[in-house]
Structure formats: C-alpha cells, structure tokens
Amino acid sequence: MSLLYHMTSPSVLSRILARSISLRQSALFSKNKDCTFFTRKEIMRLFYRYQDLAPQLVPLDYTSCPDVKVPYELIGSMPELKDNPFRQRIAQVFSEDGDGHMTLDNFLDMFSVMSEMAPRDLKAYYAFKIYDFNNDDYICAWDLEQTVTKLTRGELSTEEVSLICEKVLDEADGDHDGRLSLEDFQNMILRAPDFLSTFHIRI
Amino acid sequence: MEPVPGSSGSPPASPIPGPGRRAAAPSVGSWPVPRDPARRGSGGPARRAWEGRRRPAPASMTSAPEPGIPAPGGKAGRRRQLPERVSGGLSGAWGAVMSESSISALPPGRPSRQPFIHQESLSLDSSCFSSPPVNFLQELPSYRSIARKRTTILSRDKQSGTLLKPTDSYNFQLEGELTEDLDSQSIRKYALNISEKRRLRDIQETQMKYLSEWDQWKRYSSKSWKRFIEKAREMTTHLELWREDIRSIEGKFGTGIQSYFSFLRFLVLLNLVIFLIIFMVVLLPVLLTRYKITNSSFILIPSQDVDIQCTVYPISSSGLIYFYSYVIDLLSGTGFLEDTYLFYGHYTIDGVKFQNFTYDLPLAYLLSTIAYLALSLVWIVKRSVEGFKINLIRSEEHFQSYCNKVFAGWDFCITNRSMADLKHSSLRYELRADLEEERIRQKIAERTSEETIRIYSLRLFLNCIVLAVLAACFYAIYKATIFSQEHMKKEIDKMVFGENLLILYLPSIVITLANFITPIIFAKIIHYEDYSPGFEIRLTILRCVFMRLATICVLVFTLGSKITSCDNYLCELCGYNQKLYPCWETQVGQEMYKLMIFDLIIILAVTLFVDFPRKILVTYCSSWKLFQCWGEQEFAIPDNVLGIVYGQTICWIGAFFSPLLPAIATLKFIIIFYVKEHPVLQSLRAIHQLQHHLGSGPQDSEHLPQLAADAGLWHHFGSLRSAFFHDHLPHYVLLHRPGRSAQAGGRPAPRAAEPGKS
C-alpha cells in the first residue's frame, strides 16, 4: 500500500534515486536496531513514514545525520495519532525540548515505546509522563482532571469529573499525599490488565 | 590508557593519578563486579526498600548517565549533529564512566535529587573500586561545572528522560549479572532517548574488547541466539491464519471486535484439529482399505449378545425420486447422505485387518471421541487461563475500576474517527455508569425495609415470568421436535417441497426464533428489577447464554425420549424404538447436521437480506429521520459470540454421531469470518476514501449516518461491476444509544465481554 502511495507522489523519480542511498542508510539505521524494539526493516519503514510527513523538510539521505525536526502539527496529523486525545502530550513527552517537534530519533523512540514489544514498566514510565500535564513528576488532581476531560471530550459535568478524580486518587494513591507518584502509578498499572493492550500504537 | 568508551573525537584529559585510575579500570575495563559482601550489606536503605518490591527480573545496568552530567554534552549538543552527540564530549564520557560504576539503587521519580543520592549511596558503599574513583571524579572541574549547570536545566532534564530507567523498578542485582544482562536486549528497555541508548551501546561494545575471549564469545553467542529466537518467533507469527486481517481490524476497531475475530479463528483451528484426529483415527484405515491402497481387508464380527434385529438398518432407496429430493437430502442429511461417511450408521465395519495387526475400528471411533473432547477442553482451558487471570484481577477491580478506565481506558490503536467517537462515548458511559453504580449502592444501603420487601417481591415475580418464558420456549421446542419427527416418517414424496423443508427444519426454526425473541424480552424485564447497571448486564447475558445452551439440551432430550418411547414390548428388545429409529445415532446426527446448516443459512441470510436492504435504505432514503436513526448497524459482540459458541456446541454434541461434522463446522466458521469481516473492512476503506475525498472527517457522531450514506453512494458509483457481496457496505459501528444502555446488546459489551479470552 505504501508502494502505491509512493508511486503517485510527485517526486517519485527523486525517491527512486534516493532509495539507492538506502544501503548506506540502512547501515546507519542498524545502529538503531538494538536501541528500539524494531527490526531493521521496520526502522527503514518508519523512516519513510517520517520522511513522508514533511518531504521538503526531511532529507532522504540521513547519512550526514542532519538535525531536522518535524513540527508538531504534522506529527499530530498522522493517522495513528490524529484521533488520540493525548497526542499532544505524547509528542511533548518524546520530543527533545518538550515542545512537540520531533527528530527522527524521537519519532523512532516514540513508536518503539508504544509498540507491542515494549515491556510494561517502560510503558508505565512513559504513560506517567504523558499523564503528568504540568511536568512536576506527580499526577496531581489537576492532571487527572485534564486527563478525564480529554478522555470524555469535555462532556462530563465538572462535578462528575471531580468525583472521578477523587475516586482515582482514593484507589491509587498509596502514600496519601493527594497525588500520584511514579511508584503509585506503576503499582496501579500492575493491577490494570488492559494497560498493555491499550497503550499500544500500531504502525 | 584506554580511550573512554563512547568518545569518538575527544580523548579524556586524565589528570587522575595512578591509584584512582587503576581502581577505575575495573569499572570500565572488566565488567564482572567483585563480590563484596560488605557492599551488599551496606547497599543503603534505598536499595533495600527497593528489593522489597516484587518486580520482574533485573536489568542490572545502572541508570544511564547522570541527569546532570551528560547534559552539556547532551543538551548543549542537542542542536549538533549525531556523531558528536554520540561521543558526548568529555563530560558525557565521564558521566558514562561514573554511571557504570554506580551501583546503588536509585529511587524512581526523583530525578532532581539523583546525583546527590547517588553520591551518598556510593559513599555508603564500601566497595573497593567504586568510591575512590567516584570521589575523585567529583573533584574534576568538569563535573563541578556540570553540577552547577544541572540545577539550571533541571526542567528540561526531566522531560528528556535521560535519567533513568523506569526500570528503576527493576531490582539491582549487580553481582555478576552485570555482564549477562547488559546486552542489547536490555538497553532498549531503558527510558532514554535513542541517542543515549546508542551511546550506552557503544560503551558496551567497546567494553567487549576488554572482556576475555570466553566472555566475548558468550556474549556474542547469547546475542545471536536471542536474535535467532526473535526471528524464529517472527517467522511463526507469519504462519498465523488471517494475521493481517485481524491486525487491521484491531488497529481500526479496537480490541473488542478483534477478540471476536480471533476467537473465531481459534474455533476454525480447533475444528480443523478435531477433524484431523477423526480422519487419522477413523477414516483413514477405512479409506485405505476401501480404495485398495494398502493390502488390508475388512472384518465383520457378528455380535453375540445383541439381537440381530437391532443391527438391521435398512437404507431407504425409493425407486422414483423427484429432482428436489437431492436438495432436501443435502439440507437434511437424509437419503443419499445417510449412507455416506457423514453419519454414524455408515461405520459398520468391526475391524481392519492389516498385515501385522488388526485395527479395531469401533474402539478407535470411541477413543477418537474421547481424544478430541479432551483436546478441546485442554486447549480452551489453556486459552482461557490468561483471561481467567485477568478476570480474577478484574473481580477485584472494584477498588481499581476508575484507575483502569482513566489510565488504561483509551485504546491507542484507534485510527478511525468513528471508532474514536465511539470510544469517547463508551468511556463516558462507563464512567457515568460507575458513578451511577456508586450512587445506587448508597441508595440500596439506605433502603427502608418496606422498600426492600417491595423490591424483592417484584423481583421474585419477574423471575417467575422469566422462568415461564423459558418454559414456554422449551415446550415449544419439544412440541416442534415431536411434530417434526413424527411427520418426517411419512412418505417424503407425498409432500410439497416447501412443506417438506419446513417440517424437517421445524426444530431449528423454533430454536432460532426463541433465541431471537428471548433476549428482547429479558432486556425489557430486567429494566423493572432495579439492579445496578453492571449487574443488569451480567444477568441478562447469563440468561441469554442459558437460553441458548438449554435449547440444545431440550432438543437432545426430546429426541432421546422419542427414541426410547414405545407403546408396547418393542423397546425391550433393543432398548429403544427399533421400528421407528433403526439407527438412532444417525437420526441424532441428522438433527445436529440440520441445526448447523440452518445456523449457517440464517447468518448468511441476515447479512444478505437484512443488512443490505438496510444499507440501501440508509443510502437512498437518508432524508427520512426514521431510517437515519435505525440505519446504523451494530456489531453487537455478545450476540455474535453467543452465535459462534452455539455453533461450536452443536459441533461437539454432533461430532460423535456425525464424524464429518467438524469439517463442516470449519468451513462454516471460515465462511462466517469472511462474511463478517469483509463488510467491516469495506466500510472502513470507503469511509477513509471519502474522508480523503472530502478533505476532512466528520466532527461528531451525528454525522455518521450521513457519512455511511455518502460512503455507500460513493462506493456504488465507484464500482459498477458490483456483486451484491462485494459492495455490501453495512456500517459496522459500535454505537452507544442511551436507550439501550440496560440491554445486553448495549454498549458496555466490548468491556464486559472479552470473549476471545474467556
């Protein structure tokens, strides 16, 4: 399917030429092989996805390791992310400076963590960061309210939202400080059977 | 001395005098950490607190470069090119060295204080090699400048995730496991940027040079073995049936619908294996002998203790056969099908004599039955164990239901706008339902005794009604079976075609009607019983499941009673009504065969004759509000799952009497898979194309009917060569409609029923 798409793209000739560079690139990408959960083929495929996001910005030849960042708006409009209520947080967590603009490394990192091969603890760690909207290393009540609002698209009343947040804190707050630390969160995730299957993006 | 690992350009300045350096060498050069009991003992309170936690096995590599330390090399270098980042510069390299030598546990979640704890725990450690170089390194001017800078860029540190391994949760088992566990497989489990991981990996690779030959080889072989295992696993997953289809369904529609299809796939495989068992054990010897492939012969042993009359089985072969008899025979298993391998009655052989031994066929038949029943049990239990564990956890979910929904509720796989809308509304519904349940629980606690009595008497009354409905259904099935059995015995030729089929299929028709009507009745009744929403749904599902399975039991029981009922002394001879049922096993097999065929016909007919006109109406009459509301089809997971469970139950019951039934079941499930899956994906493709065409997606679920209409229209114009099936475009959408919230087919279904797992 991606082949068809590439064939209809305007710069098809340049792409064919560029694919010849891919040998060198795949050597470059083999460096990434053990750093992510993807195989070399998948990394190449992901690279082409990344490149497709911003063909003018991202060069096909990565052997010179250019410092290129794809802006958040393009990342957020990827089909895998566009319907996700947390896409902005995901991009922020995995980007270099927390602004959502991602380099190729960030891109690979993101999908590697969100792939089905990543272990639970790794996912829990990043999930914690995603749900921590104010980046204070704790999920406080305000973070929870933001999460619930995003989950329900703002269609629950404020009273309901605060009740839910209260219940979540009751359930998960182990040290009773009114907010969830990473430890609390990880303990809670251990008891959440769906987490591994839902915290997973297929690409 | 040796170049600091990871630095490609800048060799470290080494103002470190001898002893410190040598002491540092073990940390860099040779991985096996000396076992230091003192160190273990004084691991520090932080570490002990950690070990108390039950966590999976260790990745022993300590946290990566300190948060502050590589920062300048990392952070400042962030705008620079990759190679420089990999080298990290001087500070990064030293940071790497330091981190490698750091062996203490780092409490998670406190990155800001990390370096200090680090030092404290290290100083607590009486390890012979770690503290001197560390203390020394701390005095390096570079480190001090880093420490100074670290405080100013704290916030960015936290975000980049350079610090830790989340796998801070992993226990530290430094002794001796540093070597084995520090391999590429564990690097990627760290919560680090890829660049950091690359640096770690380069460090690790450089270290390999300093290992002994044996260690190097061990590492290399374990790495390649792990890669081989991964590749093999990848290969075997390619062998999975329908892997791509199910993955695309999961990706687009979420795990609920995917679990239905994966359960369907499991049943296809199960039936295939059952059929293979039966084929190998029963059919193969017979076929080999019949077609003279091997040099064997049949043995017929006349039985002594059973009256000869009981074994007489006249196959009715009438002279003049109407042309439609063949159709009837195919549909009902009578006539020419009766004498085939399909039914029990055909297997009259008592043994197959091979060269060296005699193969006892009746024993083989019996053993094959036991074998495939045992296999089914074991396989299903194995498959359910995971689901059972999950359910066990889920049963204690009361104290974590909110967390699960908030943090693990959103399915990140969803890529479809309509599915996303559905998920939002389903989460909303679930959260509201939970709050509601809480409120009702409180209300129940506050109920007065008068109200309690009233509620309980009402419930009793309604349960009696439910029982009455069930009894009525069972009686109807009983009567229909009796009627059908009696009239089947009349001359088939004398009847009209339609009437004939109707009589033959009467039990199946009544069962299907009953299974269709009773859920509606149950859903209406439960509304008055005033249970909490979760309990309502569970109870309705329970009643529907009971209904489905009990109808088959009633059918079997009726047949049994009919077979053993006789007016006079006839039964004493053979134990059953020999005159009416010369081979009762075949008759039962025929009933099961009919049930199975009818089930398949109904599923195909509903898809074709109900969904397709619905789509047409929605497409062309979308202006009518009635059709707009009614038009969307629901992929009601519990109903569908009950349907295939019902099919499989028929297969199990009938397989003894009709050995080829599992093969028919396999084909049936394959057909069902394609019939159900194709429209699901078709509608999705059309919607995507339409969205692409229009340039934007619909904003909320109100537009869905319009979209379905448009999609259908577009799709129609797009492909004129349409067969009905191909352009069939039911809009399979999981809808939550508040009115149906109390019903079994309603929304919480995808959560409440994870059929694939249980």
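Guide: What follows is a short walk through salt bridges, a surface patch and some annotated spans. This is a predicted model, in which local features need pLDDT of at least 70 and side-chain atom pairs count only at pLDDT 80 or more, while totals for chains, interfaces and linings use all residues. Residues are numbered from 1 along each chain as its sequence is written, chains are lettered from A and ligands numbered from 1 in the order in which they are written, and side-chain values use heavy atoms, with hydrogens and water left out.

Visitor: Are E196(B) and R199(B) buried or exposed?

Guide: Buried means under 20% relative accessible area, exposed over 50%, and partly exposed in between, with a 1.4 Å probe and protein chains only; by that scale E196(B) and R199(B) are both buried.

Visitor: Which residue forms a salt bridge with K405(B)?

Guide: The partner is D434(B), with the closest N and O atoms 2.5 Å apart. K405(B) lies in helix α19 (residues 401-408) and D434(B) in helix α20 (residues 417-445) of chain B, so the pair ties together parts that are 29 residues apart in sequence. Both K405(B) and D434(B) are buried.

Visitor: Which residues make the nonpolar surface patch?

Guide: Patches take residues with over 30% relative accessible area and no salt bridge, joining like charges within 9 Å and nonpolar side chains (Val, Leu, Ile, Met, Phe, Trp, Tyr) within 5 Å. Here L241(B), L269(B), L272(B), L276(B) and M280(B) make a nonpolar patch of about 400 Å². M280(B) lies in helix α16 (residues 255-290) of chain B and counts as partly exposed because its relative accessibility is 47%.

Visitor: What does the UniProt record annotate in chain B?

Guide: The unreviewed UniProt entry gives "transmembrane region" for several spans, including residues 460-482 and 502-527 of chain B; such annotations may be inferred rather than shown by experiment. In the model, residues 460-482 of chain B are 100% helix, with end C-alpha atoms 33 Å apart, and residues 502-527 of chain B are 96% helix, with end C-alpha atoms 36 Å apart.

Notes
Accessible areas come from the Shrake-Rupley method with a 1.4 Å probe; for residues, only the protein chains shown count as cover. A salt bridge is a side-chain nitrogen of Lys or Arg within 4 Å of a carboxyl oxygen of Asp or Glu. Helices (H or I, at least four residues) and strands (E, at least two) are DSSP runs, numbered from the N terminus.
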